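Subject: Structure handover

Hi,

Here is the structure you were expecting.

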Amino acid sequence: MTSTTVQRHRAPVVDAAAHRPGLGAALSWESRKLRSQLRTKALLVGAVLAPLAVVVIVHSQPRPPKDTLFGRFATDNGFAMALLVLGFASQWVLPLLTAVVAGDIFASEDQHGTWKTVLTRSTSRSTLFWAKTAVAVAFALVTLALLAASTIAASWLVVGHQPLTGLSGQVVPAHTALALVAGAWASMALPIIGFTCLALLFSVWSRNAAVGIAAPVVLGLVMQLVGALGGIETLRPFLLSTPFEAWHGLLAAPRFTGPLLDSLVTSAGWSVVCLTAAYLILRRRDITGG
Amino acid sequence: MQTPPHTALAVEAVDVTKRYGDLVAVDHLSLSVAPGEVYGILGPNGAGKTTFLRMLFGLIRPDSGTVRVFGRTWADSGVGVLDGVAGFIESPRFYPYLTGRQNLEGLALLDGGDRGSRSRRIEGVLDVVDLAGREGDKVAGYSYGMRQRLGVAASLLRDPRLLVLDEPANGLDPGGIRDMRALVTRLADSGLTVLLSSHHMDEVEEICDNVTIMARGQVAFHGSIGDLRAMAPDPGHLLSTSDDALAVALAREQHPDIAVETDPEGGLVAIGSRERLSAYVADLVRADLELRQFTPTQTPLEALFFMLTDTRTDTRTGTRSAKGAGR
């Protein structure tokens, strides 16, 4: 080490308190870390390119996938193609995309042993918790937006933008269909936030990125399976997989939006419960690793 | 937040206890570190040193007792306790996918201050720890010693009044240990309060004014290095001659104030003051015995450390194994 003179350090306590950073600094740091990771860039690029590939592949099939919602018209109608991709994505792709970041964002601090590095600065656990949560939710929404925009654009360009045949057999003009398809994709934001919060909880609780990423996806598939069973009508509204179907009412005639309100309540409930549990776990845990 | 009095102790632990199930990691520990002091916490692995430092930094909560830093507690001031405090626990950890500079920039961001001052501070600390020129490399490619130095740099970024270093020389090669000790000495000379945890007696002896020796979570000794030296036992030496039996007999007849015993692994072990051992060796030579080996086993302070921490000590080699459970 150099023989550079070490200055006498005398940081006034009052000044230190006055300059203590807030949530903004933590948000900036978490955002910068996320942007530096190759995985993040790969996911965002994938969210743009993968829909194009899917649309091209499905469109090139000699027979449309008739056994899926809007599959019958997918090879002839761009809006139907966008909704077909939406139905497929909501099964496990969207939970996985958000869990890759949210399920790792707390656990990676355990993996790298860096909790002690950041918690010995002037930032509290609460601040870091909310910064990580906000960044994970923002990433989920950005990914959803890219996926939606790419899917709709690819479907429009590759398949076309003819009037859409709705779920009740009604013909929806192209400009209305575009708005409804965009709205259907936008309705995914609610359950996606719910799954993000679920992944955050697993990330905090397990301290293991693999669990944080895989558990929400598996749980989502289990909920879809349970939701498909008969005789559980009272349970179905509480499942986090149910809001993924809330957009169906937009494509029916007459149009109904009740499921979207139910989706809001269900997703918000899951989000609040998961975030509360994660917050309490992080606040109370002993940082002993690393 | 209360503004602490400037006369407050840098660190004051009162009756602090931390348990993990049946294991008492820290058992009613009390100590105080005055501002400007260079204070050592010494103990074998598992003595509870790191657990105490984790409580100081708020990473874990004590089950009972209070830890005050410049008069503030976590209950009163939250993260404000750490204003003017910096350091690292065990080996410093960083984000491997970021460069050294990016890591420091992020940590400086969490410390507050404007961008310009952060940048200037980073340049300064990189120079102090001799990482200038390597700051653009990803931390994943750093050697252990470079990470230790980056840890010191990250600590200095906070302009601390109290620097807490947990085993700063751990895992370093001899050159790295020398450099790290020189750096800590320079920092201490600059007026910083330094709280240094170590399991190396020589490290603490070289740097610290006062010391607390811990064993199995409890205080085994508390006082100045001078007090510690006064308590130190006579040094032991490995001894080998052309006729060890005669050497033992000579010691018993002419030097009853030193102990010379047969070592089960060969040769002899002689324990006594330096002056008396010198006289004994001179007599061995006069008796025409060929002196084949005469080497110290451990320093007096090391011997005292092992005695205080209640570890089994092999008097021949100085190696030991702790009786306490590892923590």
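A term first: angles under 35 degrees count as roughly parallel, over 145 as roughly antiparallel, 65 to 115 as roughly perpendicular, and the rest as oblique. Keep in mind that this is a predicted model.

**Helix pairs**

Start with chain B. Helix α3 (residues 100-111) and helix α4 (residues 115-128) of chain B pack at about 135°. Their axes are 10 Å apart. By the ranges above, α3(B) and α4(B) are therefore oblique to each other. The crossing of α3(B) past α4(B) is right-handed. On the α3(B) side, the contact is made by B:Arg101, B:Leu104, B:Glu105 and B:Ala108. On the α4(B) side, B:Arg118, B:Arg121 and B:Ile122 take part.

Chain A has a pair to set beside it. Helix α2 (residues 23-36) of chain A and α7(A) have axes that come within 8 Å and cross at roughly 50°. That angle makes α2(A) and α7(A) oblique to each other too. Their crossing is right-handed. Among the contact residues of α2(A) are A:Leu23, A:Leu27 and A:Leu34. Those of α7(A) include A:Trp130, A:Val135 and A:Phe139.

Helix α3 of chain A covers residues 38-59. At 1.5 Å a residue, its 22 residues should span 32 Å. The end C-alpha atoms are 31 Å apart, which agrees. Even so, α3(A) bends by about 35° at A:Ala47. A proline, A:Pro51, follows within four residues. Both A:Ala47 and A:Pro51 are among the buried residues of α3(A), as are A:Leu43, A:Val54, A:Val55 and A:Val58. What covers these buried residues includes α4 (78-105) and α7 (125-158) of chain A.

α4(A) has a kink of its own, about 65°, centred on A:Ser90. Of its 28 residues, 22 are buried, so α4(A) is largely enclosed by the rest of the structure.

One peptide bond in chain A deserves a look. The bond from A:Ala253 to A:Pro254 is cis, with omega near 0°. A:Pro254 sits in the loop between α10 (209-228) and α11 (258-284) of chain A.

**Chain B overall**

Chain B has 11 helices and 15 strands. Its C-alpha atoms fill a box of roughly 75 × 45 × 35 Å along the principal axes. Of its 327 residues, 47% count as buried. Take the contacts in chain B with a separation of 6 or more: residues 24 or more positions apart account for 68% of them.

B:Phe70 has a positive phi of about 50°, although it is not a glycine. It lies in the loop between β4 (64-69) and α2 (74-77) of chain B. B:Phe70 is buried, with 25 other C-beta atoms within 10 Å.

B:Glu90 also has a positive phi of about 50° without being a glycine. Its place is in the loop between β5 (85-88) and α3 of chain B. B:Glu90 has 17 C-beta neighbours inside 10 Å, so it counts as partly exposed.

B:Ser224 is in strand β9 (residues 218-224) of chain B. With 12 C-beta neighbours inside 10 Å, B:Ser224 counts as exposed. Leaving aside neighbours within four places in sequence, B:Ser224 is in contact with B:Asp209 and B:Asn210.

Best wishes

Key
Residues numbered from 1 in each chain as written. Chains lettered and ligands numbered in written order. Predicted model: local features only at pLDDT ≥ 70, side-chain atom pairs only at ≥ 80, totals over all residues. Helix = DSSP H or I, 4+ residues; strand = E, 2+ residues; numbered from the N terminus. Expected span 1.5 Å × (residues − 1). Bend = angle between axes of the 7 residues up to and from the residue. Buried ≥ 20, exposed ≤ 12 C-beta atoms within 10 Å, placed from the backbone. Contact = placed C-beta atoms within 7 Å. Axes fitted to C-alpha atoms, helices over the stretch in contact; angles between N-to-C directions. Left-handed = near helix turned anticlockwise from the far one by under 90°.
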